[in-house]
Structures are given as C-alpha cells and as structure tokens.
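Here is a short briefing on a predicted model. Keep the structure open as you read, and look up each residue when it is named.

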Amino acid sequence: MRLDLYDNSDFDRGAGPVKEALWMLCKGLFFLNAFPWPSSLRVFLLRLFGARVGQQVVIRAGVNISFPWRFTAGDHVWIGEEVYILCLARVTLGSQVCLSQRAFLCTGSHDWRRENFDLQVRPITVENEVWIAAQAFVGPGVCIGRGSVVGAGTVLLKTLLPHSLAKGNPAQVSAKPGVS
C-alpha cells in the first residue's frame, strides 16, 4: 500500500462545496451534539438537504449522516444516539427500521490489494422491519432482508436473507427464531 499514490479526485461527492459546507455546519449544530432537538427539526433539515425521509421518523442526538442527499428512510424509522451513516453511496432504509446506538452503516472501503489503495463505494439497503442492534457494523454493498436482526456488535459484510439473525464477528447467520 502506497498512500502517496492515493487519489480519490474522481469521487463524486454528490453536491457542490457550498452545499456540503452548509450541511457540515447544520450537522454540527443540530445533529452532532447532545441538545435534545426535536426529531421533526432534524427530519426537516435532512429533507432540506435532499434526503428522502418518511413519516414518524425519530432521529436521536449524535447521529452523523455524511451526505444526506444520498439517504432515504421509510416510515416509522428510529435512529439511535451516535449512529453513523457514511453515505459515500446511497443508503436506503425501509419502513419499521431500528438502528440502535452507535450502529455504523459504511458504504466505503479501500482496495488494500492495490498499491494506490483505491476507494471503493457500494450502496447499502435495509429492507422493512429490520433491527440493527447497538454497535453493529454493516459494510459496503450489503442488503439486509425484511424482518431480519443484526445483533449487537455484529460485523456484517455480506447480504442477509429475509427473516435472518446475524450475530458475531464475523457474522454467523441463522433463521430468526420463531420464523418458519
């Protein structure tokens, strides 16, 4: 790996520098602090910056969404304290989705096999009725199927079929108990 050869100048940030700077200011004031701003204000601000956000969405303090113009959330979504959503590519949350405290949805990585450490980005899709528990990590290109659970502290790097339970590092997958 040669970091002096790294070049991501071709990466499309999805917005101009003024919009991105305004988002960073807004995020610092209304998202990344402990003040209990109402979720309705945070949802309004996300929509103002291009996010598509459904009805009755709860966004707690400390939530970090890098590029809201690449973020979609359905209805009745709950995003817990200090959740980090790195939107280098599109992140789509269905309805009835819960992201617990400090969950990390990460759409970007690097090709460590290449000397120039190329940036690689792939979208994340979370289907309806999914719970991603505290401090879970969801990697680039992952789709989490409807009705699934990603356990606390899990590292999920592969697509999860509907009604599955993933737990551990690396994630071990099984059918969700009580589902036939």
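Leu93 stands opposite Val126 in strand β12. The two strands involved are β7, residues 91-93, and β12, residues 124-126. They pair in the parallel sense over 3 bridges. The model is a predicted one.

**The parallel sheet**

- Strands β7 and β12 belong to an open sheet of 5 strands.
- The order across this sheet is β1-β4-β7-β12-β15, and the pairing is parallel.
- Which strands stand at the edges? They are β1 (52-53) and β15 (143-144).
- Each of these two has a single partner strand, so one side of each is left without a neighbour in the sheet.

**The mixed sheet**

- Another open sheet has 7 strands, in the order β2-β5-β8-β13-β16-β18-β19.
- Its pairing is mixed.
- The edge strands here are β2 (58-59) and β19, and each pairs on one side only.
- Strand β13 (residues 131-132) pairs with β16 in the parallel sense, over 2 bridges.
- Trp131 has Val149 in β16 as its bridge partner.
- Strand β16 (residues 149-150) also runs parallel to β18 (residues 164-167), joined by 2 bridges.
- Val149 stands opposite Leu165 in β18.
- Strand β18 pairs with β19 (residues 172-175) in the antiparallel sense, over 4 bridges.
- In that pairing, Ser164 stands opposite Ala175 in β19.
- β18 and β19 form a hairpin with 4 residues between the strands.
- Within this hairpin, Gly168 takes a positive phi near 100°.

**Aromatic rings**

- The model has 7 aromatic pairs.
- One of them joins Phe104 and Phe137, with ring centres 5.3 Å apart.
- Their planes are at 80°, over the 60 degrees cut-off, so the pair is edge-to-face.
- This pair links distant parts of the chain: the two residues are 33 residues apart.
- Phe104 lies in strand β9 (residues 104-106), and Phe137 lies in strand β14 (residues 137-138).
- Are these residues buried or partly exposed? Phe104 is partly exposed, with a relative accessible area of 24%.
- Phe137 is partly exposed too, with a relative accessible area of 24%.
- Elsewhere, ring pairs link Trp23, Phe31 and Phe49 into a cluster.

**The largest pocket**

- The largest pocket has a volume of about 180 Å³.
- Which residues line the largest pocket? Among them are Cys106, Gly108, Ser109, Gln120, Val121 and Arg122.
- Phe137, Gly139, Pro140 and Leu157 also belong to the lining.
- Two or more lining residues come from β10 (108-110), and likewise from β11 (119-121).

**Asn64**

- Asn64 lies in strand β3 (residues 64-65).
- Is Asn64 buried or exposed? Its relative accessibility is 18%, so Asn64 counts as buried, the limit being under 20%.
- Its side chain makes a polar contact with the side chain of Lys27, at 3.0 Å.
- Leaving aside neighbours within four places in sequence, Asn64 is in contact with Lys27, Leu32, Val83, Tyr84 and Ile85.

**Arg90**

- Arg90 sits in the loop between β6 (84-86) and β7.
- At 28% relative accessibility, Arg90 counts as partly exposed.
- The side chain of Arg90 makes a polar contact with the side chain of Thr72 (3.0 Å).
- Beyond neighbours within four places in sequence, the contacts of Arg90 include Arg52, Trp69, Arg70 and Phe71.
- Thr72, Thr107, Pro123 and Ile124 are also in contact with Arg90.
- Arg90 and Arg122 are 32 residues apart along the chain, and 7.7 Å separates their C-alpha atoms.

**Pro123**

- Pro123 is placed in the loop between β11 and β12.
- Its relative accessibility is 44%, so Pro123 counts as partly exposed.
- Leaving aside neighbours within four places in sequence, Pro123 is in contact with Ala89, Arg90, Thr107, Pro140, Gly141 and Val142.
- Pro123 and Val173 are 50 residues apart along the chain, and their C-alpha atoms are separated by 21 Å.

Terms used
Residues are numbered from 1 along each chain as its sequence is written. This is a predicted model: local features need pLDDT of at least 70, side-chain atom pairs count only at pLDDT 80 or more; totals for chains, interfaces and linings use all residues. Side-chain values use heavy atoms; hydrogens and water are left out. Two strands pair if DSSP finds at least two bridges between them. Rings of Phe, Tyr and Trp (its six-membered ring) pair if their centres lie within 6.5 Å; planes under 30 degrees apart count as stacked, over 60 as edge-to-face and the rest as tilted. Buried means under 20% relative accessible area, exposed over 50%, partly exposed in between (1.4 Å probe, protein chains only). A polar contact is a pair of N or O atoms within 3.5 Å; within protein, one must be able to donate a hydrogen and the other to accept it, and residues adjacent in sequence count only if both atoms are side-chain atoms. Contact means heavy atoms within 4.5 Å. On a 1 Å grid over the protein atoms alone, a cavity is a set of points where a 1.4 Å probe fits but cannot get out, and a pocket is an open set with protein on both sides within 12 Å along at least five of seven lines; lining residues have an atom within 4 Å of a point. Grid points are joined across faces, edges and corners, and a volume is the space filled by probe spheres set on the points.
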